[in-house]
Amino acid sequence: MATQESGSASADRLTMFVDAVIAIALTLLALDLRVPTGDTVTAMATSVLDHRGEYLAFVLSFVVIAAHWRAHHDTFRHVGSVSPRLTSVTLVWLFMQVVMPFATRVITAEGAFAPRFSLYAIVQVLASATLALIIREIRRERLYRGDAPPEVFSSILVRSICLASVFAVSVPVSFFTTNAFVCWLAIPVVLTVARMIQSDRADRRAAQGSST
């Protein structure tokens, strides 16, 4: 019982640490925003339009970090204990989140498009891949709670792999066109298809189980 309580406490402390770091990363995103200037409404509107790329990048990165955090939060809701390897991999995942504000500044800066775009995309690939490793460690060491539904980890794992794949594909595309952002629009479609396939497989397993 003492070991279980100690393991649960460690998982809770790690989760709180993750929440704190994510909050800092989101704050850093806002600190980098340019303040619109101008003595008239037209001048202010022009200033906003001039920096629209930075504002859009802020919204994108906020949504991305929030999605990463939500996936991590949904995973650790079912974690009952923590291993040294799980802690280490989680710190690597957190590093990717902290780098996100920097990558956001890079992608909105001036210079060659492909390197700037690729840095941002690679950070997303590594963040998603690291979350997949977190799930692998939880499963391998059986760090989940006894009442954890197995489909939760499977769903998050598939989502992480899909995200990593889409962002990875966009990297080489960026060396041929500055419209590589379009690749990211495929993410909702890819995730929807993946969920449909998972649901179909679950229904087939349920049907096979009921028939036996």
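Modeller: Here it is, and note that this is a predicted model. Let's begin with Ile134. Leaving aside neighbours within four places in sequence, Ile134 is in contact with His72, Phe76, Leu86, Val89, Thr90 and Trp93.

Biologist: Which residues have the most contacts inside the largest nonpolar core?

Modeller: Ile134 and Trp184. That core has 49 residues.

Biologist: Which helices each supply at least two residues of this core?

Modeller: They are α1 (2–31), α3 (52–76), α4 (84–107), α5 (113–140), α6 (150–173) and α7 (187–211). The helix that gives the most is α5, with 11 residues.

Biologist: Let's zoom out. How many helices and strands does the protein chain have?

Modeller: Seven helices and zero strands. From the N terminus on, the order reads α-α-α-α-α-α-α.

Biologist: And what share of the residues is buried?

Modeller: Of the 212 residues in the protein chain, 38% are buried. The accessible surface comes to about 12200 Å². Carbon and sulfur atoms account for 65% of that surface.

Biologist: What about contacts between residues at least 6 apart in sequence: what percentage join residues at least 24 apart?

Modeller: The figure is 75% in the protein chain.

Biologist: New topic. Where is Thr75, and is this residue buried or exposed?

Modeller: Thr75 sits in helix α3. Its relative accessible area is 0%, so Thr75 is buried.

Biologist: What does the side chain of Thr75 reach?

Modeller: The backbone oxygen of Ala71, at 2.8 Å. Thr75 is also in contact with Ile135, Ile138, Phe153 and Ile156, leaving aside neighbours within four places in sequence.

Biologist: Now Ser118. Which helix holds Ser118?

Modeller: Helix α5. Ser118 counts as buried because its relative accessibility is 6%, and the cut-off for buried is under 20%.

Biologist: What lies 2.6 Å from a polar atom of the Ser118 side chain?

Modeller: The backbone oxygen of Ala114. There is a side-chain partner too: a polar contact of 3.4 Å joins Ser118 and Ser174.

Biologist: How many residues separate Ser118 and Ser174 along the chain?

Modeller: They are 56 residues apart along the chain, with their C-alpha atoms separated by 7.2 Å. Not counting residues up to four places away in sequence, Ser118 touches Val171, Ser174 and Phe175.

Biologist: One more serine. Where is Ser154?

Modeller: In helix α6. Ser154 has 26% relative accessibility, so this residue counts as partly exposed.

Biologist: Which residues does Ser154 touch, not counting residues up to four places away in sequence?

Modeller: Arg139 and Gln198. With Arg139 there is a polar contact of 2.6 Å between the side chains.

Biologist: How far is Ser154 from Arg136, C-alpha to C-alpha?

Modeller: The distance is 10.0 Å. In sequence, the two are 18 residues apart.

Biologist: Which helix gives the largest share of the lining?

Modeller: That is α3, with 11 residues. Each of α3, α5, α6 and α7 supplies at least two residues of the lining.

Biologist: And how does one find empty space like that?

Modeller: Rolling a probe the size of a water molecule over the atoms shows where empty space is left.

Note on methods:
Residues are numbered from 1 along each chain as its sequence is written. This is a predicted model: local features need pLDDT of at least 70, side-chain atom pairs count only at pLDDT 80 or more; totals for chains, interfaces and linings use all residues. Side-chain values use heavy atoms; hydrogens and water are left out. Helices (H or I, at least four residues) and strands (E, at least two) are DSSP runs, numbered from the N terminus. Buried means under 20% relative accessible area, exposed over 50%, partly exposed in between (1.4 Å probe, protein chains only). Contact means heavy atoms within 4.5 Å. Accessible areas come from the Shrake-Rupley method with a 1.4 Å probe; for residues, only the protein chains shown count as cover. A nonpolar core is a set of buried Ala, Val, Leu, Ile, Met, Phe, Trp, Tyr and Cys residues joined through side-chain atoms within 4.5 Å. A polar contact is a pair of N or O atoms within 3.5 Å; within protein, one must be able to donate a hydrogen and the other to accept it, and residues adjacent in sequence count only if both atoms are side-chain atoms.
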